[in-house]
Each structure stands twice: as C-alpha cells, then as structure tokens.
Amino acid sequence: MICSFHPSLLFVFLAAAPQLKQMTVPTRVDEGSKLTVKCEATGNPLPTYRWFKDGNELKKSKKVRIKNGQKNSRVQINRARVEDSGNYTCVVENLLGKDNSTGTVHVQSSEYGDGEGAVLLSLYTPATVGPLTGGTAPSMWR
C-alpha cells in the first residue's frame, strides 16, 4: 500500500506528556466557606484528571463537586469543615505519561469567631495597608 500526501494538507501531530501548571490552592479557609482547589495542565492527547485528598481518591458526591474541563479541573466544597483540611493532589495522565501536584489546605475552625480567619490570612499575605486610625504601623508592615 502506498500513501501519498498533498503538501497543502500536511498535518503535524505533536504528542506530549502532560505537564501541570502551578496549582491554585488556598492555604487557609474559614469553616463554612467555599473551598476550591484548581489545577491546569497541557498535553497531547489531552490528559485526564484525578483528585486525591491525603492519598485517597476523591469522587463526586453531594459534598464534593469535581469539574473537569479539557485544560483544567477543580474540586469544590461549598461548606468546608475542619476535616476537609489536608493535602489535595491533582494527577493528570495521558498515553505518554503522568504528572501530579499537591497543595495543603487548612480549614480554620469557626470557634475563633467571625473574621478571625481573615486576620490570620492578612499576616501571611503581602500587605499594603497603613494604620487604620492614625498612629504607627506595626513594624512588620514598615
């Protein structure tokens, strides 16, 4: 059998093992709030996505929503609880290989009162906030 191709109809199929981009993981979430963990990958053919929490595969349920697209996937828990804290791993795979990435989430107990989680978050994120009512900003902000 002889195959011939017309030069104007040449298709190039570049195969590639999947490669994850940096995973989007909130480090702290207040109990009762929405928890979303997202990963994005490249690969040809398009990779499949699987999620694990502390080494156990996550499955869709009333509590855990998993949304898979062609280039990304996310896990969503609408009302996070302290027991949802842990290591979330995204695994992508196609015929040429696999890749994975893990991020840690801490769900902050509501026993600390309203807004306490937001205060904790501000200590770990860059702040461009000055003093609220005059006076001197804390030394860590200067």
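Guide: One term to begin with: a residue counts as buried when its relative accessible area is under 20%. The model is a predicted one.

Visitor: What share of the 142 residues counts as buried?
Guide: In the protein chain, 26% of the 142 residues count as buried.

Visitor: What about the surface?
Guide: The accessible surface of the protein chain is about 10,200 Å², and 53% of that belongs to carbon and sulfur atoms.

Visitor: How many disulfides come out of the count?
Guide: The count is one disulfide. Cys39 and Cys90 form it, with their sulfur atoms 1.9 Å apart.

Visitor: Where do Cys39 and Cys90 lie?
Guide: Cys39 is in strand E3, residues 35–44, and Cys90 is in strand E8, residues 86–94, so the pair ties together parts that are 51 residues apart in sequence.

Visitor: Are those two buried or exposed?
Guide: Cys39 is buried, at a relative accessible area of 1%. Cys90 is buried too, at 0%.

Visitor: What does Cys90 touch, leaving out residues up to four places away in sequence?
Guide: Its contacts include Leu20, Met23, Cys39, Tyr49, Arg50 and Trp51. Asp99, Asn100 and Ser101 are also among the residues Cys90 touches.

Visitor: Next, the nonpolar core. How many residues has the largest one?
Guide: The largest nonpolar core has 20 residues. Those with the most contacts inside this core are Leu35, Val37, Cys39, Trp51, Tyr88, Cys90 and Val105. Strands E3, E4 (48–53), E6 (64–68), E7 (72–77), E8 and E9 (97–108) are the elements that give two or more residues to this core.

Visitor: Which element gives the most?
Guide: E3 does, with four residues.

Visitor: What lies 2.8 Å from a polar atom of the Asn94 side chain?
Guide: The backbone oxygen of Pro45 lies 2.8 Å from such an atom. The backbone nitrogen of Leu96 also lies 2.8 Å from a polar atom of the Asn94 side chain.

Visitor: And what else does Asn94 touch?
Guide: Leaving out residues up to four places away in sequence, Asn94 touches Ala16, Ala17, Pro18, Gly43, Asn44, Pro45, Leu46 and Pro47.

Visitor: How many salt bridges does a search of the whole structure find?
Guide: The search finds six salt bridges. One of them joins the side chains of Lys21 and Glu40, at 3.5 Å from N to O. Lys21 lies in the loop between strand E1 (16–20) and strand E2 (28–30), and Glu40 is in strand E3, so this pair ties together parts that are 19 residues apart in sequence. Lys21 is partly exposed at 42% relative accessibility, and Glu40 is partly exposed at 30%.

Visitor: Which residue does Lys53 meet in a salt bridge?
Guide: The partner of Lys53 is Asp54, at 3.2 Å from N to O. Lys53 counts as buried at 17% relative accessibility, whereas Asp54 is partly exposed at 42%.

Visitor: And what does Glu57 pair with?
Guide: Glu57 forms a salt bridge with Lys59, with the closest N and O atoms 3.5 Å apart. Shared partners join Arg50, Glu57 and Lys59 into one network of salt bridges. Glu57 is partly exposed at 34% relative accessibility, and Lys59 is exposed at 56%.

Technical notes. Residues are numbered from 1 along each chain as its sequence is written. This is a predicted model: local features need pLDDT of at least 70, side-chain atom pairs count only at pLDDT 80 or more; totals for chains, interfaces and linings use all residues. Side-chain values use heavy atoms; hydrogens and water are left out. A disulfide is a pair of cysteine sulfur atoms within 2.5 Å. Buried means under 20% relative accessible area, exposed over 50%, partly exposed in between (1.4 Å probe, protein chains only). A nonpolar core is a set of buried Ala, Val, Leu, Ile, Met, Phe, Trp, Tyr and Cys residues joined through side-chain atoms within 4.5 Å. Contact means heavy atoms within 4.5 Å. A polar contact is a pair of N or O atoms within 3.5 Å; within protein, one must be able to donate a hydrogen and the other to accept it, and residues adjacent in sequence count only if both atoms are side-chain atoms. Accessible areas come from the Shrake-Rupley method with a 1.4 Å probe; for residues, only the protein chains shown count as cover. A salt bridge is a side-chain nitrogen of Lys or Arg within 4 Å of a carboxyl oxygen of Asp or Glu.
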